[in-house]
Amino acid sequence: MKQKVSLVLSGGGARGIAHIGVIEELERQGFDITAVSGTSMGAVVGGVYALGQMPAYKDWLFTLDKLKAFSLIDFTFRSQGLVKGDKLFNTMKAFISDANIEDLRIPYAAIAADIINKKEVVFTSGSIYDAIRASIAIPTVFTPVKSGDGLLVDGGIINNLPIEHVKRSPGDILVVVNANALIPVDKPLVPENKKAIKQSIYRQKIRDFYRQLSKIRPSRQKEKFGYFDVINKTISLITYHTTQLALEKYSPDILINISRDCCSAYDFYKAEEMVEQGKYSANKCIEAFKNKI
């Protein structure tokens, strides 16, 4: 009989792609994932997995450069955020159908933050795309999501590691993946020629992105940090402390740490590398767990 797993996936931008590798490694080693909760990118990967559409999603991520990923960014230049996200989700809906969370094959929960009512919002029913869109609404980057009298943004600012919201079942073990760990980088090697090709394509796209950004906010020579640097560092500080509090309160059976230095939050061109990172880190932690018991 397979060991049941209740899986918790943190946010972390592109580092969250490692969650795919973790899931693949868990399944390869015979674990049965019976429930999942996630925040931000963890909500995306967890949701796609609960939909049973992980292979299609992974294949799409691996071809983002070829499909000109930055054409999916629909700039709005509004005061509440730069990107609407409609193009991204409409593209995903072409190969991954929406569904109600209560109809998924396993229990699923996604976390967002209501900045008007100052509270955590936990999605356990309704459209999974609506839940994911709210959970990834990085403040000032993605436009927030209106919900009744509330305004929803990325759940990472309030609960980046939603351990308490994963549905537990008798005999399961708790597996937590933290994609913002303050640990040295430890990752498998990636062929340099393959990495260089992806980096050159991505750097051109990122330059195009910053050109668009400069139209609404001219750069200043004396600034030590750019616009996104300040946002990233602020959110990173918040998520780090909420994550530490969660780990102090709850004791996962397996904690899989992904170094926050393995890539930046927007390095989506490293999708293949991050999936391998997830497999590599998961394998080490699973082996340590097996040896312990």
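Predicted model: local features only at pLDDT ≥ 70, side-chain atom pairs only at ≥ 80, totals over all residues.
Q: What makes C263 a cysteine in no disulfide?
A: The nearest cysteine sulfur, that of C262, is 4.6 Å away. A disulfide needs the two sulfur atoms within 2.5 Å, so C263 is in no disulfide.

Q: Why is C263 called buried?
A: Its relative accessible area is 6%.

Q: What makes helix 1 oblique to helix 2?
A: The axes of helix 1 (residues 18-28) and helix 2 (residues 41-51) come within 10 Å and cross at roughly 40°. Roughly parallel would take an angle under 35 degrees, and roughly perpendicular runs from 65 to 115, so this pair counts as oblique. The crossing is right-handed.

Q: Which residues meet where helix 1 touches helix 2?
A: From helix 1 you get H19, I20, I23 and E27, and from helix 2 M41, G42, V45 and Y49. That contact splits into 5 nonpolar, 2 polar and 1 charged.

Q: How do you know that Y250 is partly exposed?
A: Y250 has 24% relative accessibility, and the buried class stops at under 20% while exposed starts over 50%, so partly exposed it is. Y250 sits in the loop between helix 7 (227-249) and strand 11 (254-259).

Q: What does Y250 contact, leaving aside its neighbours within four places in sequence?
A: I163 and E164. I163 is 87 residues away along the chain, yet its C-alpha and that of Y250 are separated by 7.4 Å.

Terms used:
Residues numbered from 1 in each chain as written. Heavy atoms only, no water. Axes fitted to C-alpha atoms, helices over the stretch in contact; angles between N-to-C directions. Helix = DSSP H or I, 4+ residues; strand = E, 2+ residues; numbered from the N terminus. Parallel < 35°, antiparallel > 145°, perpendicular 65-115°, else oblique. Left-handed = near helix turned anticlockwise from the far one by under 90°. Contact = heavy atoms within 4.5 Å. Nonpolar A, V, L, I, M, F, W, Y, C, P; charged D, E, K, R; others polar. Buried < 20%, exposed > 50% of the residue type's maximum accessible area, 1.4 Å probe, protein only.
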